[in-house]
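Please read it beside the sequence and the coordinates.

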Amino acid sequence: MNGPIRRLAIGLFLGLAVLVGTVSWIQAIAADTYRSDPRNARQAIAQAGKERGLIVAADGTVLAESLPDEADSRQFMRVYPEGPVFAHTVGYTSSLVGDGGLEAAYVDELRSRRDLTFSDIVAAILGRDLRPRSIRLTLDADLQRAAFEALGDRSGAIVALDPSTGAVLAMVSRPSFDPASLEGAEAAENWQALLDDPDRPLADRATRELYPPGSTFKTVVAAAAVDVGVATSDTTFEDVRELPLPGSTATISNYGGSLCGDGTEVTLMRGFIRSCNTVFANLAMQVGAADLGIMAEALGFNRELEFPWDVAESNFPAEELEEDDAALAQSGLGERDVRATPLQMAMVAAAIANDGVVMQPYLVDEMFDADGDTVAETQPEELGRAMEPSTAETLEQMMERVVTEGTGTAATVPGVRVAGKTGTAQAGEGASYPWFVAYAPIESPAIALAVMFEPVPATGESDTGGRVAAPVAGELIAGWLENRR
Amino acid sequence: MTRTAEAVLVGVASALAAFGVALVEFAGGETIGAQVGLTFLVFVIAFGGIHMAIRAWAPDATPLLLPPVSLLAAIGFMEVYRLSPYRAGLQRWWILIAAAAACALLAVLSRNGLGILRRYRNLMLLTAVGLLLLPSLPSEGPLPIRGLAQNGSRLWVVFDLGFTELHFQPAEIAKILFVSFLAAYLADRQAALTGAHRRLGPIRIPEPRQLVPLVVVWAGSLLILIYQRDLGASLLLFLTFAALLYAATGAAGYLIAGGLLAVGGGVAAWTVFDHVQRRVTAWLDPFSDYADTGFQVAQGLFALGTGSLSGAGPGLGRPDLIPNAETDFIFAAVGEELGLAGSIAVLCCFALFLAAGFGIALRSRDRFRSLFAAGLTFVIGLQTFLIIGGVLRVLPLTGITLPFMSYGGSALVGNFLLLALLARASHEERS
C-alpha cells in the first residue's frame, strides 16, 4: 500500500513543481509583458500625477503636456491642448482604464525615471539623465486639423502619408473624444458614456477597423494586371451592361446599370477612369487569385504591419478565391471579403506615387531629451517593391485621368496634377462607404492619402466616393501644398 | 525537530503576521497601532493553543505539521488585511474559532483515538452527503437554514440565528468526513478489493463490478456539479476518491478510469453549461474576452507580472483590482505584493505540509490510519494544485479556496480540523 501512496505524493509534488515553474515564468520571464500591458491599470495608477514628456506635432505644436498641479506641487496633470483632433493617435493616460495610443506605446520613453524601480536606481547610480523624454510626431498640426474639420459630423477616417518616406502626415478618426475626460472625478462616467455611444467614438477607424475598399481596390487589380503583363492601359474588353458570373446566377453590372463606352469595346484606361465594374470583374478573373494575392500582399494586405499599436490586418483572401471565379470577380471590385484599413489604402496610393516602392509608415519622427537634444531619430525604411516603376507609371496616367475627366473630377486642384481613384463600397440597405485615394503633385509626390466615410442609411445612389470623398481629398491636397510653399 | 522548535517557529509566524499588518498600515500612511498587537495576540493564542493541545493530547505527533500551516496563515492573513481590514477582523475571529475547534477535536480524540471514526464510518458518509445537500435547500422560506446562490453556484448555507446570519460552506467539512468514510471503507474491504484483478499488460484492471462505487461517486460529483454548479468541490471529491481507491488497491486502473471519467464529465459539463464554457474560454485565452469572462484571470496575471521577482511590498501593490482577491485569488495577491519570492515561499510551505502528511501515511502501520492520513493530505494538496493551477492558467479556474490562506470561516475551520486529525494520526502511529 505504501507504493501507491508514495506515487500519489510524487504526483502532487510534480504538480507543485509545475506550479513553481509556471509562476517563475509568469513573474520572471513574462513579467514585463504583463506589467506593461496597456490594460493593466497598475502602471497608469502608479504614473498618475507623475511628470511625462511632451508629445509634439512636426511643427512643435504641443499635443500632450504635463503641467504642475495647482493643488499639489509634487503632482502633475496631463493636458491635451488639441482635444479630440489627435485623440486616437496621441492617445490618453488614465488611472481608471490605463493608457491608449502613443501614450501607451511610448510610456517607457515618456515617463520620468524617478520611480525608484530597480532599473531607475541603476540609471541614477550610472549618472544617466532621469528627466522624462519627449517625442516629436510626423503629424502636421494644420493638416490634421483640416482633415478633422473635413470629416465633419460624419463617421469616417483620413490617413495622409509622405509617399517617399512613409511618414504619417495626418491620421484622423471621427467621431472622436477628449483624452482629458478619462482622468479626474468624472472619468468613470465619461468612459462608460464613450463605451455606450452607438457611434463608437473610441474606435480608431484609421488603423483598427476594416472596411470594404470598393473600387479604390481597382488600383491593386490594375497594378497586378499591368505588372504581370496580362493587360496594358490599351487592352480592350467587351462593353456590356451586365456580366454573368461563372458558376452562378448572379451578374455584375456597372454603376447605374449603364454601359462603359459605346457598347462594343472598352479599353482598360476607360474602364479605370469610369470605374467600370464589368471590366474589372473580367480583369480580376484574367489575372487570377494568385497574382492578385501577390500584389495585394506586396502592398501590405494579409500582413502584420509594424506600428506603435496593433493595426487591423487588411485582408485579401487569395486562397479561397482560387477555385471560385464568381467570388474572385466580386473581390476585384473591392467587395465580398476584401477588407482594408484607411491606412492600408493610403499605403497603396503612396506606393504608386513612390514608383512602386512601399514605405514603412511611421508616426514618431524623433525622441528628444529635456534639453531639446535629439536622442533617437526614425530613419525611413522600405517595406519592399510592390510593382515595376513602369507599372506605377501606367497607374499614374490612369489615376490622373480619373481626376481630369473621370469619376474623381471633384478632387481637382487648380494648377496641381492630382492622381486619384474613387470607391463606393456597398454597405447594404441602400447605403455605401464613399472612398477616395489620391496623391499629388504627380511630378514630385508630396502627399498620398485615403479618405473614407462610414455609410449613412438610405442615402442611396448619391453617396459616392466621387461626390463625397473626392472633394475632401482635393481640399486637403490644396491646403497642404499651399502651406508648404 | 523538537516540540520546542515547533513553538519557536509558530511564534515567529505570529510575529510575521503582526509585522505584515504593520507594513500594510505603514504603506497606507496610517499609524501603527492596535491592529498589530491584536493580530499578534490572536495568532499566539490560536497557534499557541493548538501547540499546547498537541502537547497535551497528541504528544508524539510530528512537530513538522504546525509550522508551515502557521506561516501560510500568517501570509494569508496579512494579504486579507491588506485587501479588507474589515474582513481581516472577521478572519481573526474565525482563526480563533477554528483553533478552538481543532483543540476540542484533539481533546475528544484523546480518549478513543481515530478508531471511533472508523467505527462510525457510515454515519460519517451520511453526514457528508447531508452537508453537501444543504446548499440545495430553498433560498427563501421559514426554515432557519437556507441555501444561498452566489455567482450562479450554490455552495453556501445560511444559518439564521435570529440576531445575525452565519454563512457556511459545508463542502469544507464534508470533504473530511468523506475521506474518513473512504479510508474506513477501503481498510475494511481490503481483501475484496485487492483480490480480483485482470491484467492488461502492466496495468491491473479492476473487475467491472469493483468499478461500481467509482461510478456511483462520479455520478454524485456530477450531481453536485449540475445542481450546485460547484466545479471545485465536485472535482475535489471525485479525484480524492479515485486517489484513495488507488492507494488502497494499487490498481492504476482506478486512477486512469477516474481521470477518464473526470475528463469525460468535464467535457460533458462543458457542452451543457455555459458557466463551464466561459471558464474554459477564460483559461485558454483570458485576453480574448478580456472585458468579461477573462477579466479575473487576466487581472491575476497582471498582478503576478507586476509583482515580478521581489513584489511591490505589503500594501504597495494593487491586488484590490483582482475580483475575489481575498478568496480564490489570494495567491495572485500574495504574488503581487511579495513577488516571486513570496509565491515560491508559499508553494514551499505547502510542499512541507504535504511531505509531513504523506510521511505520517507512509509510516502508519494501521491501514485505516495510513489511508486516512494519505487522504487528508491529498485533499489539501489537490485543492492547492487546483486553485493555484487555475490562477496560473495551468488548469481551468475552479472556484475553491486556497487552504489556510483564503478569507473564509468554513475553510479555516475545516482545514484546522484536518490539521488536528493529521496530528492525531501522527501521534497514534508513533506511540
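1. The structure is a predicted model, and its scores are ipTM 0.92 and pTM 0.65. For chain B the mean pLDDT is 86, with 92% of the residues of that chain at 70 or more.

2. The contact between the chains. Chain B contributes 38 residues to the contact and chain A contributes 32 residues. On the side of chain B that touches chain A, the elements giving two or more residues are helix H10 (231-249), helix H13 (295-307), helix H14 (330-363) and helix H15 (367-391). H14(B) gives the most to this side, namely twelve residues. By type, the residues on the side of chain B that touches chain A comprise 25 nonpolar, eleven polar and two charged.

3. Helix H14 of chain B. This helix deserves a separate look. How far does H14(B) span between its end C-alpha atoms? The span is only 33 Å, whereas a straight helix of 34 residues would span 50 Å at 1.5 Å a residue. H14(B) also contains a kink of about 130°, which is centred on Leu338(B).

4. The open sheet of chain A. Six strands of chain A make up an open sheet with mixed pairing, and their order is S3-S2-S1-S6-S14-S15. The edges are taken by strand S3 (76-79) and strand S15 (374-377) of chain A; each has a single partner strand, so one side of each is left without a neighbour in the sheet. In general, strands of a sheet pair through backbone hydrogen bonds, in either a parallel or an antiparallel manner.

5. Strand S1 (residues 55-56) of chain A pairs with S2(A) in the antiparallel sense over two bridges. Within this pairing, Ile55(A) has Ala64(A) in S2(A) as its bridge partner. S1(A) and S2(A) form a hairpin with five residues between the strands, and there Gly60(A) takes a positive phi near 95°. Strand S2 (residues 62-68) of chain A also runs antiparallel to S3(A), to which four bridges join it. Across this second pairing, Ser66(A) has Arg78(A) in S3(A) as its bridge partner, and Pro68(A) stands opposite Phe76(A) in S3(A).

6. Val79 of chain A. This residue belongs to strand S3 of chain A. Leaving aside residues up to four places away in sequence, Val79(A) touches Glu65(A), Leu67(A) and Ala180(A). Val79(A) lies 15 residues from Ala64(A) in sequence, yet the C-alpha to C-alpha separation of the two in space is 5.7 Å.

7. The hairpin of S17 and S18 in chain A. Strand S17 (residues 419-428) of chain A pairs with strand S18 (residues 431-440) of chain A in the antiparallel sense, over nine bridges. One of the facing pairs sets Thr422(A) opposite Phe436(A) in S18(A). The hairpin formed by S17(A) and S18(A) has two residues between the strands, and Glu429(A) in the turn has a positive phi of about 55°. S17(A) is mostly covered, with seven of its ten residues buried.

How values were computed: Residues numbered from 1 in each chain as written. Chains lettered and ligands numbered in written order. Predicted model: local features only at pLDDT ≥ 70, side-chain atom pairs only at ≥ 80, totals over all residues. Contact = placed C-beta atoms within 7 Å. Nonpolar A, V, L, I, M, F, W, Y, C, P; charged D, E, K, R; others polar. Pairing = 2+ DSSP bridges. pLDDT = per-residue confidence, 0-100. Buried ≥ 20, exposed ≤ 12 C-beta atoms within 10 Å, placed from the backbone. Expected span 1.5 Å × (residues − 1). Bend = angle between axes of the 7 residues up to and from the residue.
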